Amino acid sequence: MTSGEITVGNPVRTDVDKTSAPSAPVTVRAHGLSKSFGALKAVNNVDFTVTAGEIFGLVGPDGAGKTTIMRMLAGVLSADTGDIEVDGVDVTADPEQAKLHLSYMPQRFGLYEDLTVAENIFFYGELFSVSRTDRLVRSQALLKAAGLADFQKRLAGQLSGGMKQKLGLICALIHTPRVLLLDEPTTGVDPVSRREFWGILYNLRESGVTIILSTAYMDEAERCSRLALLHAGEIRYCDTPARLKATMPGVLLAIISSNPRALREALTGQTGILGVLLMGDRVHVRVDDPAQRIPEIRASLANHHVEITSIEQVVPGIEDVFVALLGSEETA
Amino acid sequence: MNLRRLFALAYKETLQIWRDPRSLAIALLMPLMQMAILGYGVSLDIKHVPLCVYDQENSQQSRGLVQDFVSSGWFSISRRLEREADIRDAMDRGSCNAAIVVPVNFSRTLAMNGTAPVQAIFDATDVNTTNIALGYAQGAMAQASREFVTGWAAAHGTQPSLVGQINLEPNTWFNETLDSRNFIIPGVVAVILALVGAQLTSLTISREWERGTMEQLISTPVTALEVMLGKLTPYFMIGLIDAGFCLAVAIFWFHVPFRGNVITLFTTTMLFLIVVLGIGYLISVRIRSQLGASQVALLVTMLPTNLLSGYTFPIDQMPAAIQALTLVVYARYYVTILRGVFLKGSSLTDLWMPIVGLSVYALLIIWLAARAFHKRIN
Ligand SMILES: Nc1ncnc2c1ncn2[C@@H]1O[C@H](COP(=O)(O)OP(=O)(O)OP(=O)(O)O)[C@@H](O)[C@H]1O
Ligand SMILES: [Mg+2]
């Protein structure tokens, strides 16, 4: 969430360039996709294209429509209008054909809690007609990568949240999907498990699997090749994390203060201040012109008796970008 | 259809059933308990029909007649009445289901004519009990008749020309007790299997929705038909075990004579199980909560099978419109089949009519069930 993690985003982009060549390109294309629940437009005229070897991230606030899009891509929810193409197959017309090459991990844990780890893996392997040897080889490798090798006999219901998510991923990968759909796969997962999780995802991308995931974690959003920023069922922005950052208007200042709330109070609404965002012990302040505004801020804070430790210009994180972009949408 | 996926589903479902011993115990023990309750309910009712006695003569002979009713074990005297008008009152209050009226000059008429009328009145609200009670009354009368005849022979040295005091002689040969019970218990088996079968499968689909496992399942290439067959297979096995239990209790515990052959019983029972499990499955597909599905299954099976299957209320005594309605009550076919196989030793060909009825039903249910489930969330 802090600037230290932003650097993680950069190697990801170079990876994309490395892996764009091998294996036939598999694409997922959504066109004019809409879905309403009664009067509520959960997804409104959404378009995007994802190419093989990409990790495409859907990001947005609660209720933005991420799950609804995922479900339509997985062929478990029918779209009102629009079409989806997965690997040349029209999902809206023939969802069953598409499901052969697709793996979907729902937001809510979707495996059988009264079955063991091994039994769940076996079950999903059978549903995708994976041969016995393939299943054994793949499951051993995946269990090892996920740190679950010692838990094969444990009931899925007795796993921790993070272990459950990793088991979900293993079951999704027990066949060889060309498209992997993950709906908030790491929510409630500890940092170590999340790193293992992403390790597996990077390897998959290397082998040409198209990955679409939704996430609530900004550091994860930074690791995606491209991001779609969703709001109220619409894609507001869709680009690489780096280019999204470039579109952010203004410059970001990080101010460290013992009283960040008072600091926000003092600065909100002041001229030249585009946005104020609390980030734990610090406050991110977006300004139009740092050279002019920094002295003004210092003066204003002194006026309000808010003590500060430091002010410095920082590289924006993706969270800053989203707040900035969605915030300006909101007022526009 | 892919057999591998079908087996995977059946195996998974079996594991889940196995891991839930409470539900499994209910599935296996419930039918046995119901069998005991309903089976004994049948025989208890029939053992002690409450009887009102209006003995106008109160002689040794009339008391002997009443005693024959009591010692038969089928009646217990609930009230002794002093006036004819009290009979009606007693019946209205439900204090008796049957009454006997012994006339003032009973023993004199009997001695002179060798026959004497005794009036028997039955509360006909419950046709079934009435029929049975009537049979008992005839039995008791026959016993009294035999005593009278032996007495007469001893006194006169000859047989009386006119035998029993009361009409309906032929029924003295007929053992009503066993017959009604034998008649009803196969029906009880049918009703229990109809109830339990639908309960078993009414939860299969709704459970997946409720636990959140359905979304991932329907994102795989598994087909709706595979889901249906895979899920029904283990319950079919449980259903067969339940049927075996119930039929064994009927034969070995309640001693209902089994005159037919096991193959006929087995094939028709499988046919019936397909129908009841299919109905539970259909409900499960339609209703996404487990509680709701199980309640609907109970409602849909309980009333029709109890009232319209002919297991307690004979279908041929129903009004024509209701009789027509019973044609859609699948349990009626199995009730007929079981009675035939048990009591008459009927073969598959003898039973072709109910078997065709049940087969049509089974095909219809399978067809509906196979089309009912869609791999969609909405
Ligand atoms: N089956 C449904 N029936 C009615 N409304 C629904 C249904 N599914 C989703 N919605 C509504 O559609 C909107 C989008 O929901 P969706 O689950 O796609 O959001 P989300 O981005 O996944 O949110 P979250 O981050 O909370 O998971 C929400 O307002 C939600 O309440
Ligand atoms: Mg969601």
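Start by colouring chain B of this predicted model by pLDDT and selecting helix α1 of chain B, residues 3–18, where the chain's confidence is highest, at a mean of 96. Now move to helix α6 of chain B, residues 127–156: here the confidence is lowest, with a mean of 73. Zoom out to the whole of chain B, and the average pLDDT is 84, with 89% of the residues scoring at least 70.

Next, select residues 161–178 of chain B. Their pLDDT stays under 50, and the model has 29 contacts for them beyond four places in sequence. For the complex, the predictor gives an ipTM of 0.84 and a pTM of 0.77.

Now hop over to ligand 1. Which residues of its shell are closest? Of the 13 residues that surround ligand 1, they are G63(A), K66(A), T67(A), T68(A) and Q107(A). Colour the shell by class and you will find 5 nonpolar, 5 polar and 3 charged residues.

To see where the shell comes from, highlight β2 (40–50) and α3 (66–74) of chain A, each of which supplies at least two of its residues. The biggest contributor is α3(A), with 3 residues.

Finish with the oxygen atoms of ligand 1. Show the side chain of T67(A): one of its polar atoms lies 2.6 Å from a ligand oxygen. Then pick A64(A), where a polar backbone atom is 3.2 Å from an oxygen atom of the ligand. At E184(A), a side-chain N or O atom is 3.2 Å from an oxygen of ligand 1.

Technical notes: Residues are numbered from 1 along each chain as its sequence is written. Chains are lettered from A and ligands numbered from 1 in the order in which they are written. This is a predicted model: local features need pLDDT of at least 70, side-chain atom pairs count only at pLDDT 80 or more; totals for chains, interfaces and linings use all residues. Side-chain values use heavy atoms; hydrogens and water are left out. A residue is near a molecule or strand if one of its heavy atoms lies within 4 Å of it. A polar contact is a pair of N or O atoms within 3.5 Å; within protein, one must be able to donate a hydrogen and the other to accept it, and residues adjacent in sequence count only if both atoms are side-chain atoms. Helices (H or I, at least four residues) and strands (E, at least two) are DSSP runs, numbered from the N terminus. Ala, Val, Leu, Ile, Met, Phe, Trp, Tyr, Cys and Pro count as nonpolar, Asp, Glu, Lys and Arg as charged, and the others, Gly among them, as polar. pLDDT is the predictor's confidence in each residue, from 0 to 100. Contact means heavy atoms within 4.5 Å.
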